[in-house]
Amino acid sequence: MSRKKITVIGAGNIGAAVAAYSSAEELGDVVVLDILEGVPEGKSLDLLEAAPILGVCSRIVGTNDYRDTADSDVVIMTAGIARKPGMSRDDLLKTNVRIVSEAAENAAQFSPNAILIVLSNPLDAMVYAAWEKSGFHWRRVIGSAGALDSARFRAFVAAEIGVSPVDIQAIVIGGHGDTMLPLVGSCNVGGIPVNHFLGPERIEEIVQRTRDGGAEIVRLLKTGSAYYAPAAAAVELARSVLLDQKRLLPVSTYVDLHGEFGRRNTFCGVPAIVGAGGIEQVIQLPLTEEEENAFKKSLSAVCSLMEEVDKLL
Ligand code: APR
């Protein structure tokens, strides 16, 4: 079996963490690309020097040249500007559409068979822009947000109950923003429904903290946004693609709207099976009436963003 190749676009906080996690578990050789001169090279060299200590054989190079990314199996898009305190994810839209569009075109040109995993924010809008500009089939463009939002939900539930986070299952669907929908009915602790352990008020507080999870970290850091958990979530997706694990994970993917909200399509968070083909199957979830209404509200918010992206593409 030949070695896999992973390109990380953007050598900032998230890109560097993605490169570190991917190389530490030897998912493949890693190329880190950024427009800044020296930064991708420097961070890659630093990671390469960690390899003998970690006992891994992954090669890591930094570059400003897309030719070095050629024939990647997975391209992970983290380029863009991050949120500052007081900024919403949507404030990032204009700048990041331009950055992600250009990067997706280049990535697709040099790695026409890759699976593209997008983390740049506002997430659903950036996945849409990357899909449009890459020309890839929607199954090969995956938005990484739902697994992160679910991980936050799981971490908070675990801490509250005093149980391992590994044993908490949860799904968060909808747009990666204020209207995201942590599905309480899907949350269980080692197979036991969460409401066996926590009362409705405590669960609601955790749901709200999950929705505000990104903002909570922005407030604390003051100069940037979260990166360890976002990177870990993207690597979880990359692993499922590269090892064809067929994990069932919430992702931002193509949703056929058939004219609802005045649009043919959008990208939004739903559960899906992720494997070597990218999004291999989207899972239709049975939702309660209340959840259905909340999901529609989230879809509508995401669609407004898509309208903005359409004007910029
Ligand atoms: N091509 C490649 N890299 C670019 C480009 C471009 N056109 N434009 C900007 N970059 C790089 C920047 O030089 C920087 O190194 O993207 C990197 C972004 O890094 P950070 O500012 O540290 O941001 P980070 O925290 O990594 O977040 C990246 O992911 O979750 C989202 O909201 C977040 O949109 C942001 C993105």
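An oxygen atom of the ligand lies 3.2 Å from an N or O atom in the side chain of Asn 96. In this predicted model, the protein buries 87% of the 730 Å² that the ligand exposes when taken alone. A polar backbone atom of Asn 13 is 2.9 Å from an oxygen atom of the ligand, and a polar backbone atom of Ile 81 is 3.0 Å from an oxygen atom of the ligand. Around the ligand there are 21 residues, of which Asn 13, Ile 14, Asp 34, Thr 78 and Ile 81 come nearest.

Asn 96 is one of the buried residues of helix α3, which covers residues 93–110. At 1.5 Å a residue, the 18 residues of α3 should span 26 Å, and the distance of 25 Å between the end C-alpha atoms agrees with this. The other buried residues of α3 include Leu 93, Val 97, Val 100, Ala 104, Ala 107 and Ala 108. An α-helix has 3.6 residues a turn, so residues three or four places apart point the same way.

Strand β4 is in turn joined to β5 by four bridges, and the two strands run parallel. Within this pairing, Val 74 stands opposite Ile 115 in β5. Strand β5 consists of residues 115–118. Ile 115 and Ile 117 point one way from β5, whereas Leu 116 and Val 118 point the other way; all are buried. Strand β5 also pairs with β6 (residues 141–143), again in the parallel sense, over three bridges. Here Val 118 has Gly 143 in β6 as its bridge partner.

The loop between β5 and α4 contains Pro 122. The peptide bond that joins Asn 121 and Pro 122 is cis, with omega at about 0°.

Asp 244 is partly exposed, with a relative accessible area of 35%. Lys 246, in the loop between α8 and β10 as well, is likewise not a glycine and has a positive phi of about 60°. The relative accessible area of Lys 246 is 41%, which means that this residue is partly exposed.

How values were computed: Residues numbered from 1 in each chain as written. Predicted model: local features only at pLDDT ≥ 70, side-chain atom pairs only at ≥ 80, totals over all residues. Heavy atoms only, no water. Expected span 1.5 Å × (residues − 1). Buried < 20%, exposed > 50% of the residue type's maximum accessible area, 1.4 Å probe, protein only. Near = heavy atom within 4 Å. Polar contact = N/O pair within 3.5 Å; in protein donor to acceptor, adjacent residues only side chain to side chain. Areas by Shrake-Rupley, 256 points an atom, 1.4 Å probe, with all protein chains shown as cover. Pairing = 2+ DSSP bridges.
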